[in-house]
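Good morning, and thank you for coming. Please look at the sequence and the structure on the screen, and I shall then take you through some of the main points.

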Amino acid sequence: MARSDRGGAVVLLDGRSVPARSTRAHVVAGDWVAVDVASDPPEVTAVLERRSALRRRVPGGATADQVLAANVDLVLVVHGLDRPIVPGRLDRSLVLAWESGAVPAVVLTKADLVAEPAEALDEVGAVAPGVDVVATSATTGLGLEEVSRWLAPHRTAVLLGASGVGKSSLVNRLVGTDLQAVRSVRAADGKGRHTTTTRDLVPLPGGGVLLDTPGLRALGLWGEGEGLSRTFADVEDLAGSCRFRDCRHAGEPGCAVQAAVDDGRLDPGRLERFRRLERELTHLELRLDEQARRARDRRVARLYREIKRERRHRPRS
Ligand SMILES: Nc1nc2c(ncn2[C@@H]2O[C@H](COP(=O)(O)OP(=O)(O)OP(=O)(O)O)[C@@H](O)[C@H]2O)c(=O)[nH]1
Ligand SMILES: [Mg+2]
Ligand SMILES: [Zn+2]
């Protein structure tokens, strides 16, 4: 397993952290790797097949993905109760989490700062039906046992959340020592500052491994749509009862989704969020198709050039 920095990695070898070079293989935190220990420094020679991979679209318009973590069982979507819950952000986190092949759960941090954590739990329950949610506090210790239970005995979880929500504080409380740097109270107003800058694997005393990550602002969707279907399983279920198979839930007769909105079983805001994410995924798919088409055209053009050149140099018989 590894933690990755640009061109380098920290590899856990027999329980020790060893710096290694990874110029040939691209590793991400959570990867299982083959290491050539004879070279100095040790060199990562291969990355084993990943059983899950958390990805997002690279921010800034590129049609490329970034792997944030590999081989995790659980994606802990972390939200700080010192700020309002943003349903759209929660949706995105859940879509990426399901898409990774892992299972999501929501961790609400800083519960000590609100009078009624139960209200926040209800709010999240409405946005993320069927997903486990826990309210925690690194200050009072609330909810930490439950999170430990989720991880015991051998599960690996990655923390996914904006900067400053308290991911590293949670890790430190679960480990029992101040292993991860936490934003100092004095610097707490420094907006846009990332306290954690690498993705680190942290083994927990009660078993399990936590992957602390730098906070992420952008959560561009990536994937084939399985994550969206899982996140909005309620909408997909309803859609299964629409009269038309390709119903777009936009006024068609016999639309079960619209009927559910009309009689209050489905929040119209939730349907709208589903639609928006669906559009984003479709857009991504189109751009990926376009990219693949251009690459194919370039290959064909190259092939033609080679054939032409060959003909020109072929001896006349
Ligand atoms: N009151 C309260 N403050 C908390 C709690 N957890 C974290 N904080 C504070 O929130 C701030 C940010 O915490 P960090 O753990 O550094 O946040 P992070 O998510 O790791 O941030 P990045 O590493 O930048 O992504 C610090 O000032 C913490 O002291 C909590 O449970 N209660
Ligand atoms: Mg941190
Ligand atoms: Zn419909």
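**The zinc site**

The four donor atoms around the zinc ion (ligand 3) subtend angles of 104 to 114 degrees, and the arrangement is therefore tetrahedral. Please keep in mind that this is a predicted model. Which residues coordinate the zinc ion (ligand 3)? The donors are the SG atoms of Cys242, Cys247 and Cys255, together with ND1 of His249, at 2.1 to 2.4 Å. Along the chain, these donors follow the spacing C-x4-C-x1-H-x5-C. Are His249 and Cys255 buried or exposed? His249 has a relative accessible area of 9% and is buried. Cys255 is likewise counted as buried, with a relative accessibility of 7%.

**Helix H3 and its surroundings**

Let us turn to helix H3, which spans residues 144–151. Its buried residues are Leu144, Val147, Trp150 and Leu151. When one looks down the axis of H3, these buried residues fall within an arc of 115 degrees, so they line one face of the helix. On the other side of H3, Glu145 and Arg149 are exposed. What covers the buried residues of H3? The cover includes the strands S8 (74–80), S9 (103–109), S10 (133–135), S11 (156–160) and S13 (209–212), as well as helix H4.

A salt bridge requires a side-chain nitrogen of Lys or Arg within 4 Å of a carboxyl oxygen of Asp or Glu. Leaving aside residues up to four places away in sequence, Lys167 touches several residues, among them Val78, Leu159, Leu160, Asp212 and Pro214.

The second residue is Leu94, in helix H1 (residues 87–100). Leu94 has a relative accessible area of 1% and is buried. Which residues does Leu94 touch, not counting those up to four places away in sequence? They are Val77, Pro104, Val106, Ala128, Val131 and Thr231. Leu94 and Leu160 are 66 residues apart in sequence, while their C-alpha atoms are 10.0 Å apart in space.

**Salt bridges**

I close with charged residues. Side chains of opposite charge can pair when their charged atoms come close. How many salt bridges does the structure hold? There are 15 salt bridges. One of them joins Asp82 and Arg83, with the closest N and O atoms 3.3 Å apart. Asp82 is partly exposed at 37% relative accessibility, and Arg83 is partly exposed at 30%.

In helix H8 (residues 268–313), Glu290 and Arg294 are four residues apart, which means that about one helical turn separates them. Their side chains meet in a salt bridge, at 3.3 Å from N to O. Glu290 is partly exposed, with a relative accessible area of 29%, and Arg294 is partly exposed, with 47%.

Arg293 and Asp297 are also four residues apart in helix H8, and about one helical turn lies between them. They form a salt bridge whose closest N and O atoms are 3.2 Å apart. Both residues are partly exposed, Arg293 at 36% relative accessibility and Asp297 at 37%. Glu290, Arg293, Arg294 and Asp297 are linked in a network of salt bridges.

Thank you for your attention.

Methods: Residues are numbered from 1 along each chain as its sequence is written. Chains are lettered from A and ligands numbered from 1 in the order in which they are written. This is a predicted model: local features need pLDDT of at least 70, side-chain atom pairs count only at pLDDT 80 or more; totals for chains, interfaces and linings use all residues. Side-chain values use heavy atoms; hydrogens and water are left out. Donors are N, O and S atoms within 2.8 Å of the metal (3.2 Å for Na, K and Ca); water is not among the atoms, so sites may look incomplete. Four donors count as tetrahedral if all angles lie between 85 and 135 degrees; four count as square planar and six as octahedral if opposite donors are over 155 degrees apart and all others between 65 and 115; anything else is irregular. Buried means under 20% relative accessible area, exposed over 50%, partly exposed in between (1.4 Å probe, protein chains only). Contact means heavy atoms within 4.5 Å. Helices (H or I, at least four residues) and strands (E, at least two) are DSSP runs, numbered from the N terminus. The arc is that of the directions from the helix axis to the C-beta atoms.
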